[in-house]
Amino acid sequence: MLAIVIPYYKITFFEETLESLSNQTYKDFKVYIGDDNSPENPSELLKNYENKFDFVYQKFENNLGGKSLVKQWERCIELTNAESWLMILGDDDVLSENFVETFYKKKESFQNSYNVVRFSVVKVNNNSVPISDRILNLEIESSKKILFDNKRSSLSEYVFTKDKINEIGFKNFPLAWWSDVLAVLEFSNFDKIYSINESYVNVRISDISISGSLHFEKAKEQASYLFYDYLLAKKKKFFNKEERNFLLEKISKRY
C-alpha cells in the first residue's frame with residue numbers, strides 16, 4: 001500500500017490537494033496529514049472528505065517547520081503504518097486523477113529494482129494555471145542527472161521505499177532546500193531511478209511557497225553551500241573527476 005504524507009501548514013490551496021486525492025481512480029492508498037500547529041485550522045474542510053478517501057489527521061502541539069522542515073517531515077512520516085512506499089506531498093500540490101492507478105500498474109517494473117520512483121510534472125501558478133508544459137523523464141535514468149543536467153526537482157514528484165527513508169533519512173538543511181535532491185541521490189545509492197510519465201503532479205510555484213518566494217535567498221544559499229560541501233566531504237567516491245570539479249565550482253560560488 002502507498003502512504004501519502006502531507007506536512008500541512010497553509011490552507012490556501014489545500015482544498016485542491018484534497019480534491020485531487022478524492023478524485024483518484026484507484027483508492028489503495030492512505031493519507032497522513034500532520035498539522036504543524038498551523039493558525040489555519042483545516043478541520044472543517046477535512047470533514048468534507050471523511051468518506052471519500054482514507055486519511056489520518058494529526059495536529060501537533062508545537063510548530064517545527066519554522067525551525068526545521070525536515071523534522072516536521074520526520075514526525076509526519078512517523079504517523080504512517082506498514083506501508084512500504086511513501087511520498088511527501090505539498091499542501092499546495094495536486095495529483096492527476098490516475099496517479100495512484102499508474103503507480104500500481106507500473107509496480108512490477110520497479111518494486112524490486114528501484115528505491116525511487118519519479119512522476120512527470122506540470123508547474124502551475126497561484127491560479128492553478130500551467131506555467132510549463134508537462135515535464136517528462138526517461139523511464140530509467142541516473143539520479144545524478146538532477147545535478148549535472150540542471151534538472152528541476154521537487155519533493156512531491158517522488159515516491160520512495162519506506163525502508164530507505166528509515167535507513168538513511170533526510171538531511172536537515174536550512175528550509176529543507178536540497179534535502180529532497182539529496183534524498184533522491186542517497187536513496188538510489190547515486191544510481192538509477194525509475195520514472196512514470198503516464199500521470200503527473202501539479203507542482204505549485206507561488207509567492208507563499210519557499211520555492212516561489214524571494215524572502216529566503218540567504219537561507220537557500222547557505223543550504224546550497226552545505227549540500228555541495230556534504231557531497232564533496234561524504235560522497236566523493238560516487239563522482240568522477242569532472243563531476244567533482246563541477247561540485248567544487250558550485251561550492252566556491254557560495255563560499
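Arg118 is found in strand β6, which spans residues 116-124; helices (H or I, at least four residues) and strands (E, at least two) are DSSP runs numbered from the N terminus. The model is a predicted one, so to speak of local features takes a pLDDT of at least 70 and to count side-chain atom pairs takes 80 or more, while totals for chains, interfaces and linings use all residues. Residues are numbered from 1 along each chain as its sequence is written, and side-chain values use heavy atoms, with hydrogens and water left out.

Back to Arg118: this residue is buried, with a relative accessible area of 2%. Here buried means under 20% relative accessible area, exposed over 50%, and partly exposed in between (1.4 Å probe, protein chains only). The side chain of Arg118 is joined to that of Glu141 by a polar contact of 2.6 Å. Such a contact is a pair of N or O atoms within 3.5 Å; within protein, one must be able to donate a hydrogen and the other to accept it, and residues adjacent in sequence count only if both atoms are side-chain atoms. Leaving aside neighbours within four places in sequence, Arg118 also touches, among others, Asn137, Lys151, Glu157, Tyr158 and Tyr194 (contact means heavy atoms within 4.5 Å).

Next come the nonpolar cores, sets of buried Ala, Val, Leu, Ile, Met, Phe, Trp, Tyr and Cys residues joined through side-chain atoms within 4.5 Å. The largest has 38 residues, of which Leu147, Phe160, Phe170, Phe227, Tyr228 and Leu231 touch the most other members. Elements giving two or more residues to this core include β1 (2-8), α3 (69-77), α9 (217-234) and α10 (241-254). Phe170, leaving aside its neighbours within four places in sequence, is in contact with residues including Val70, Trp73, Ile88, Phe160, Ala183 and Phe187. A second, separate core holds 33 residues, Val31, Leu46, Phe99 and Val100 among them.

Rings of Phe, Tyr and Trp (its six-membered ring) pair if their centres lie within 6.5 Å; planes under 30 degrees apart count as stacked, over 60 as edge-to-face and the rest as tilted. By this rule there are 26 aromatic pairs. One of them, Phe190 with Phe239, is edge-to-face, at 5.7 Å centre to centre and 90° between the planes. Phe190 lies in the loop between α8 and β9 (192-204) and Phe239 in the loop between α9 and α10, so the pair ties together parts 49 residues apart in sequence. Phe190 is buried at 7% relative accessibility, and Phe239 is buried at 3%. Tyr225 and Tyr255 make a tilted pair, with 6.2 Å between centres and 45° between planes. Tyr225 sits in helix α9 and Tyr255 in the segment after α10, so this pair links parts 30 residues apart in sequence. Tyr225 is partly exposed at 25%, whereas Tyr255 is exposed at 79%.

Charges turn up over rings as well, meaning that NZ of Lys or CZ of Arg is within 6 Å of the ring centre and within 35 degrees of the ring normal. Lys52 has its charged end over the ring of Tyr49, 5.3 Å from the centre, and Lys220 does likewise over Trp177, at 4.6 Å.

As for the whole chain, there are 10 helices and 9 strands. Of its 255 residues, 50% count as buried.
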